[in-house]
Amino acid sequence: ANITNCNIKNVVCRDGSGIDLIAVKYSILDKVLSSNNYDGLTICKYSCNCIIRNSQFSNNLHNGISALLGGNLIITNCTFANNGGYGVYLGKGEYLIYLNNFINNGFGSIAPTFGTVMILHSPTKLTYNYNGKTFTNYLGNYYSDYSGADENGDGIGDIAYIIDSNNNDSYPLITTSE
């Protein structure tokens with residue numbers, strides 16, 4: 001099941017997600033706006049091999065995305081802003097998360113649980129422009145609460161963004177991903 005170009009809002013009953021992916025495999029969510037729901041998106045019942053891209057999850061009462069019992073999930077080019085809980089809450093599984101914007105989420109950007117395996121940067125080095133210069137490097141995510149510096153001016157923070165004791169983004173972006 002692919003979901004493209006939709007706007008889902010105001011589903012606020014307990015466990016009322018804007019979108020529920022239940023036992024879904026090989027799906028793509030593209031250009032989805034999910035706001036003012038309980039959760040923006042819930043992935044559960046062994047949904048796997050899904051791609052979430054070019055989407056926005058904002059102002060949800062709980063999490064932008066709650067991935068429970070899923071796996072092999074790619075989240076890229078999304079914005080998670082002003083959600084009451086986490087931008088992304090992850091259950092056991094493998095996740096590739098890069099070029100996203102995490103802005104002012106109540107409990108933080110990403111919450112991994114036991115058994116979560118995350119890669120928090122692009123799978124290959126990318127060529128990009130920053131402040132009129134061209135660079136090639138891995139690219140991570142933007143975090144509004146990141147306080148590191150960018151001494152060499154490449155748009156990537158000089159110190160990692162710490163998620164928890166086992167996970168960090170070694171290539172945090174200094175400005176939002178465009």
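Figure 1. A search of the whole structure finds zero disulfides, a disulfide being a pair of cysteine sulfur atoms within 2.5 Å. In general, such a link is a covalent bond between the sulfur atoms of two cysteines. The cysteine sulfur closest to that of Cys 6 belongs to Cys 78 and is 12 Å away, which is too far for a bond. Cys 44 is likewise in no disulfide, as the nearest cysteine sulfur, that of Cys 50, is 11 Å away. Cys 44 is buried, with a relative accessible area of 16%; buried means under 20% relative accessible area, exposed over 50%, and partly exposed in between (1.4 Å probe, protein chains only). Because this is a predicted model, local features need pLDDT of at least 70 and side-chain atom pairs count only at pLDDT 80 or more, whereas totals for chains, interfaces and linings use all residues. Residues are numbered from 1 along each chain as its sequence is written, and side-chain values use heavy atoms, with hydrogens and water left out.

**Figure 2. The largest nonpolar core.** This core has 29 residues, and Leu 41, Ile 52, Ile 65, Ile 75, Ile 97 and Ile 110 have the most contacts inside it. A nonpolar core is a set of buried Ala, Val, Leu, Ile, Met, Phe, Trp, Tyr and Cys residues joined through side-chain atoms within 4.5 Å. A second, separate core of nine residues includes Tyr 98, Leu 139, Tyr 142 and Leu 173.

**Figure 3. Surroundings of Ile 110.** Leaving aside neighbours within four places in sequence, the residues in contact with Ile 110 include Tyr 86, Phe 102, Met 118, Tyr 143 and Ile 163. Contact means heavy atoms within 4.5 Å.

**Figure 4. Ser 66 in strand β7.** Ser 66 is placed in strand β7, residues 65–67; strands (E, at least two residues) are DSSP runs, numbered from the N terminus. Ser 66 is buried, with a relative accessible area of 3%. Residues up to four places away in sequence not being counted, Ser 66 touches Asp 39, Leu 41, Thr 42, Ile 43 and Tyr 89.

**Figure 5. Ala 111 in strand β13.** Strand β13, residues 108–112, contains Ala 111, which is buried at a relative accessible area of 8%. Not counting residues up to four places away in sequence, Ala 111 touches Tyr 86, Val 88, Tyr 89 and Leu 90. Ala 111 and Gly 40 are 71 residues apart in sequence and 15 Å apart in space, C-alpha to C-alpha.

Notes: Helix = DSSP H or I, 4+ residues; strand = E, 2+ residues; numbered from the N terminus.
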